[in-house]
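Let's take a walk through this structure together, going from the contact between its chains to the details inside them.

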Amino acid sequence: MLHKVELPYTRFLSPDGQLLGELPAWADDFNLLTRLYRQMVLTRLFDQKAVALQRTGRIGTYAPTLGQEAIGVAVGSVMHAEDVLIPYYRDTAVQLMRGVRMEEILLYWGGDERGSDFAEPAAAQDFPICVPIATQALHACGVASAFKIRGEHRVAVTTCGDGATSKGDFLEALNVAGAWQLPVVFVVNNNQWAISVPRRIQCGAPTLAQKAIGAGFHGEQVDGNDMLAVYDRVHVALDRARHGKGPVLLECLSYRLGDHTTADDATRYRSADEVKQAWLEEPVKRLQRFMVDQGVWDEGREQALISECQGLVQRAVDNFEAAGTQAPESIIDHVYAQWPASLAGQREELLERAARRTGDASHE
Amino acid sequence: MSNGKVTLLEAVNLALHRAMSEDENVIVLGEDVGVNGGVFRATQGLRDSFGFKRVIDSPLAETMLGGLVVGMAAQGLKPVVEIQFMGFIYAAMEHLVSHASRMRNRTRGRITCPMVMRTPMGAGIRAPEHHSESTEALFAHIPGLRVVIPSSPARAYGLLLAAIDDPDPVVFLEPTRLYRMNPQPLLDDGKRLPLDSCFTLREGSDITLISWGASVMETLQAATALAERGVSAEVIDVASIKPLDLDTMEASVRKTGRCVIVHEAPRSCGVGAEIAASLYERVLLELQAPIQRVTAPDIPPPLYRLESLYMPNVEDILQACDNVLHFA
């Protein structure tokens with residue numbers, strides 16, 4: 001087969017948490033494993049809460065990250081504070097690791113732009129989540145170009161789903177990343193579904209990672225449900241990019257256990273059997289089994305962790321609900337650095353409209 | 001440059017040199033802008049003066065350019081990106097509409113996009129297909145963007161410098177028909193001209209002629225012809241297509257009571273429609289005649305044998321002026 005390209009595929013743990021071969025040395029650090037595990041659990045509990053908040057009308061549409069926690073946690077753990085994340089919309093896990101606050105994520109999906117105004121300094125240059133598919137891959141190349149022009153040892157990390165790899169923006173991004181050997185890492189979360197379109201009819205190439213080969217740089221696959229494998233490969237990829245060895249495309253094989261968004265109903269297009277099978281491979285249980293087998297995790301620690309995380313999530317929900325609504329002028333005052341004097345009349349009209357609707361005469 | 005006079009094209013080049021020497025964050029990128037100095041030579045000499053890291057020959061991919069500058073600008077660079085012709089800018093449109101123009105608002109000012117997208121526009125140079133459009137209205141409709149069209153060397157120089165300074169994204173459209181026409185004296189002193197402002201090129205009291213881009217030339221010629229007939233025409237170069245300086249236009253039309261708008265773009269939903277509607281809202285009862293528009297018809301720019309039919313000429317403008325001047 002002419003289009004067959006042999007690329008590395010990495011997996012350390014079997015779906016039931018059994019070690020399949022030798023682990024890299026870093027995996028001896030049980031504190032690190034515990035941190036990774038904790039972050040996956042926190043992400044999952046937060047994600048469940050976000051879906052529940054949508055179901056009860058307290059936030060708008062939300063894109064669940066269920067089943068893909070390992071990828072985001074790996075990316076977030078490996079990135080340096082000075083790196084820049086250019087995420088897509090299913091990236092709650094990475095965003096939390098970058099220091100984006102849970103209440104900010106809730107504000108965003110709850111219809112408030114303050115949710116993309118990250119308070120955490122480490123996330124200050126991170127992009128807000130990107131909704132138009134794959135466009136963020138080009139922004140990442142622009143960020144990486146800035147790093148390269150200034151001679152900085154920083155990495156732009158961008159994420160997307162399998163569907164995004166079909167778009168021209170993604171392919172143009174790979175092309176320029178290869179042409180200029182940019183310090184950018186493309187993390188493709190191949191969760192098998194682009195809303196209702198399965199991976200097998202999304203693209204004729206056997207792997208998505210091999211798209212990097214056509215652009216002249218390294219691509220590889222990793223089991224995206226294996227926390228240890230993703231962490232290892234993300235680490236190598238960022239290291240490589242940081243040291244001027246060019247971009248990397250990392251295709252993480254996972255499964256979207258939830259609906260595309262809360263506005264979607266995945267039972268319309270995929271079988272319960274398939275989803276049931278996918279649950280057997282999910283990342284949280286897998287790492288937990290491994291840690292239990294290693295004797296570094298037990299039921300008591302599990303319960304304490306869940307209780308701690310639930311407390312953090314609840315506090316975030318409280319903060320979110322206490323945030324109130326922005327003032328009417330907020331929707332106009334950030335459009336330009338300074339609202340043009342020639343459009344002053346429109347601003348006045350907006351404030352008058354707001355006053356009429358609230359019955360508040362203070363804007364008159 | 002001859003006798004201290006520069007063309008509009010040379011003025012663009014001078015402004016780019018000036019901006020790059022004033023601020024090391026200014027970078028120039030695009031297709032053929034480096035070694036070749038751009039297909040029109042607007043970026044000539046920049047590569048030699050500022051090096052390959054700041055004057056970048058890009059792969060041939062306009063969507064990529066549109067996205068790349070968003071990332072660069074977010075990182076504090078001030079990219080000035082050239083799209084080779086306006087007919088090829090549409091591939092970059094999504095990044096203008098969905099990202100560059102919205103990033104500041106989406107992040108409450110945390111991330112901004114100070115960038116300039118330059119591109120040659122307009123018909124009249126016997127160019128191949130897709131090299132003659134005037135689609136400024138598409139960009140003027142996007143909140144968060146500025147759209148600027150210079151119509152003289154001095155305005156090209158001063159407005160491009162101001163556009164590069166501006167903290168928000170600017171689409172800067174350069175009329176190719178004027179690129180090498182009418183060289184004028186220009187002092188390379190770094191002086192900026194104001195954005196968001198019209199330029200009154202000729203004062204008059206009987207009729208207001210409003211135009212922008214290459215059509216300003218014919219509009220000025222029409223004003224001269226009117227003067228010979230004893231009609232005093234005020235000529236306004238809109239220059240800033242978004243946002244529009246309606247106050248200046250309103251004041252002029254209040255004074256003259258008559259108005260003709262001239263643009264090379266097709267009529268329907270053209271910027272002339274926005275100006276006319278705004279003027280009616282403001283000065284309806286002071287108008288002595290309905291506002292007239294002289295534009296291209298709603299057709300694609302024809303191939304060059306008939307392109308002169310597409311562009312308004314002096315006679316067309318005078319005809320519209322006659323209608324307005326002799327209305328009741």
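Where the two chains meet in this predicted model, 34 residues of chain A are in contact with 37 residues of chain B. On the chain A side, the elements that supply two or more residues to this surface are helix 5 (135-150) and helix 6 (168-180) of chain A. Helix 5 of chain A gives the most, with 10 residues.

Now step back and look at chain A as a whole. Its secondary structure comes to 13 helices and eight strands. With a radius of gyration of 22 Å, close to the 21 Å that the globule rule gives for 364 residues, chain A is as compact as a globular protein of that length. Its C-alpha trace spans about 70 × 50 × 40 Å along the principal axes. Of the 364 residues of chain A, 46% count as buried. Among contacts in chain A with a separation of 6 or more, 73% come from residues 24 or more positions apart.

Next, find the sheet in chain A. Six strands build an open sheet with parallel pairing, in the order 1-7-8-4-3-2. Strand 1 (9-10) and strand 2 (84-86) of chain A each have a single partner strand, so they stand at the edges with one side lacking a neighbour in the sheet. In general, the strands of a sheet pair through backbone hydrogen bonds.

Helix 2 (residues 69-78) of chain A lies across strand 3, strand 4 (184-190) and strand 8 (248-253) of chain A, and runs at about 165 degrees to strand 4. Helix 1 (residues 30-55) of chain A has 26 residues and reaches 37 Å from its first C-alpha to its last, close to the expected 38 Å. After helix 1 of chain A comes Gly57(A), which has a positive phi near 80 degrees.

Is Tyr88(A) buried or exposed? Tyr88(A) counts as buried, because it has 24 C-beta neighbours inside 10 Å and the cut-off for a buried residue is 20 or more. Beyond its neighbours within four places in sequence, Tyr88(A) is in contact with residues including Ile129(A), Gln136(A), Thr159(A) and Ala164(A). Cys160(A) is another of these contacts: the two C-alpha atoms are separated by 5.5 Å, although Tyr88(A) and Cys160(A) are 72 residues apart along the chain.

Finally, turn to chain B, which has 12 helices and 14 strands. Its radius of gyration is 20 Å, which agrees with the value near 20 Å for a compact globule of 328 residues. The C-alpha trace of chain B spans about 65 × 50 × 40 Å along its principal axes. Buried residues make up 58% of chain B, and of its contacts between residues at least 6 apart in sequence, 80% join residues at least 24 apart.

Which residues touch the most other members of the largest nonpolar core? In this core of 202 residues, they are Cys141(A), Val184(A), Val185(A), Leu250(A) and Val260(B). Not counting residues up to four places away in sequence, Val260(B) touches Ile207(B), Leu209(B), Gln292(B), Val294(B), Ile317(B), Ala320(B), Cys321(B) and Val324(B).

Conventions:
Residues numbered from 1 in each chain as written. Chains lettered and ligands numbered in written order. Predicted model: local features only at pLDDT ≥ 70, side-chain atom pairs only at ≥ 80, totals over all residues. Pairing = 2+ DSSP bridges. Helix = DSSP H or I, 4+ residues; strand = E, 2+ residues; numbered from the N terminus. Contact = placed C-beta atoms within 7 Å. Axes fitted to C-alpha atoms, helices over the stretch in contact; angles between N-to-C directions. Expected span 1.5 Å × (residues − 1). Buried ≥ 20, exposed ≤ 12 C-beta atoms within 10 Å, placed from the backbone. Rg over C-alpha atoms; globule rule 2.2 N^0.38 Å. Core = buried A, V, L, I, M, F, W, Y, C linked by C-beta atoms within 7 Å.
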